[in-house]
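Dear colleague,

Please find the structure below, handed over for your use. The findings follow it.

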Amino acid sequence: MPIPRRALVAAAVALVLPLSACGSGDSGGSTDASGRIEGDITFQTWNLRANFKPYFEGVVADFEKKYPGTHVKWIDQPAEGYADKISADAAGGTLPDVVNVSPDLVAPLAKAGLALDLDKSAARYKKEYLAGAWAGHQVPGMTGTYAFPWYLNTGPLFYNKSLFEKAGLDAAQPPTTYDELFTDALRLADKSDGKVATLANVPTIEDFGRYGVELMNKEGTAFSFNDTKGVQLLTKYKELYDAKALDPQALTATPESSGKKFLTGAVAMNPGSALDLGNFKKQAPNLYKNIGITDQITSTGKVNMYVMGVMVNARTKHTPAAVAFAHFVTDAQNQMAFAKKVAIFPSTAGSLDDPYFTNEDGTDETRVRVAAAKSLKNAVNYTPVLFSEQMKTALRNEIAKALQGKQSPRTALDNAVKACDTLLRQQG
């Protein structure tokens, strides 16, 4: 999947049009969305038919009823290879009329002139969305916004109270700062003779962002996560790794494998979302009884936001219909309906004040939902829009060398920045 997976893995969505979409093609379309809303467009989702068929059929039917001159063809695609399909369609001139993208996918499309600038064509809708969400599909070095915000997600940190207690830590007072996290992690490792790690994943670009590292210059021309703070964070992780406070398999861990370690009690803390609570209850009832829930740790006061968006192909031949449909899918009513079917959050302004996101009923599930909704109001997407999958791999590889002692944290981050800057220049 093309975005950070921890909070979205069970709700990954994409909207695109098939190769045969009537609105696709090499000829440029109009950027004027003010005309008559009519014409055939195709709406492609990513691995959603099995779980959400009635919902999307309803959205399509409601749109066609509202605009009788339109027809929306809905097609669902499997999850694998989505980013490659987008690239192939873009290169072949067969990009769909409306495409659900993550920020990293919209960047190359915007640079290629294939993503409609909504600040020019649909600015009247901007006030309907949270400011941080609307900004989620802006591209450094370019002016404009290139996708409607769709659903958001974030999540808390879960922790195993019994493991904290065995280490002599207060399970009612989990760490709230990085210093507390690192101190508690070393204690947990020491008291368990290295059998219990606190964390299971190496730091990602978003972790550097949450730590307060400046990740990139404002022009979008160079990365800067090798600053003093970045080196400090990686040095701390090296200390954890040496003490087995960071799981020894962290270098090859996936969110799924980390989750299993947490389920079995080999790891004391793990990020997640409300979706995970049901899994804990089913798969690890003893863990569920001892589950602690706390906020993401951040030095900035703002949690990380995972954001998905719905992009309009700048070359669609039915701009008014494509813009209208992209807005319809992402309007407050349809986002709220979707959020009640899966543990995601709407990006529309005011929606997070709905009682569904503010009233607790005593259950852990509701507690997580209410806390996440509150934090999303001023959350940010720390992962730079221009940070590609190749860059994530380059960063991970250099971090692995540092943790293994093959190079210093400073050298690792210098090398990672150099590799990522090279990849950035290749993006054009």
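Helix 9 and helix 18 are oblique to each other, a label that applies because the angle is neither under 35 degrees (roughly parallel), nor over 145 (roughly antiparallel), nor 65 to 115 (roughly perpendicular). This is a predicted model, in which local features need pLDDT of at least 70 and side-chain atom pairs count only at pLDDT 80 or more, while totals for chains, interfaces and linings use all residues. Residues are numbered from 1 along each chain as its sequence is written, and side-chain values use heavy atoms, with hydrogens and water left out.

Helices (H or I, at least four residues) are DSSP runs numbered from the N terminus. Helix 18 covers residues 409–427, and its axis lies 9 Å from that of helix 9, at an angle of about 125°. Axes are lines fitted to C-alpha atoms over the stretch in contact, and angles run from 0 to 180 degrees between N-to-C directions. The crossing is right-handed, meaning that the near helix is turned clockwise from the far one by less than a right angle. In the contact (heavy atoms within 4.5 Å), Thr228, Gly230, Val231, Leu234 and Thr235 of helix 9 meet Pro409, Arg410, Ala412 and Leu413 of helix 18. This contact has 5 nonpolar, 3 polar and 1 charged residues. Here Ala, Val, Leu, Ile, Met, Phe, Trp, Tyr, Cys and Pro count as nonpolar, Asp, Glu, Lys and Arg as charged, and the others, Gly among them, as polar.

Helix 9 (residues 228–242) also packs with helix 17 (residues 389–403): their axes come within 9 Å and cross at roughly 55°. This pair is therefore oblique, and the crossing is right-handed. On helix 9 the contact involves Leu234, Tyr237, Lys238, Tyr241 and Asp242, and on helix 17 it involves Ile399, Ala402 and Leu403. By class these are 6 nonpolar, no polar and 2 charged.

Elsewhere, the axes of helix 1 (residues 49–66) and helix 13 (residues 319–329) come within 11 Å and cross at roughly 130°, which makes helix 1 oblique to helix 13. Their crossing is right-handed. Helix 1 contributes Val59, Val60, Asp62, Phe63 and Lys66 to the contact, and helix 13 contributes Ala321, Ala324, Phe325, Phe328 and Val329. The contact divides into 8 nonpolar, no polar and 2 charged residues.

Yours sincerely

Definitions and conventions
Helices (H or I, at least four residues) and strands (E, at least two) are DSSP runs, numbered from the N terminus.
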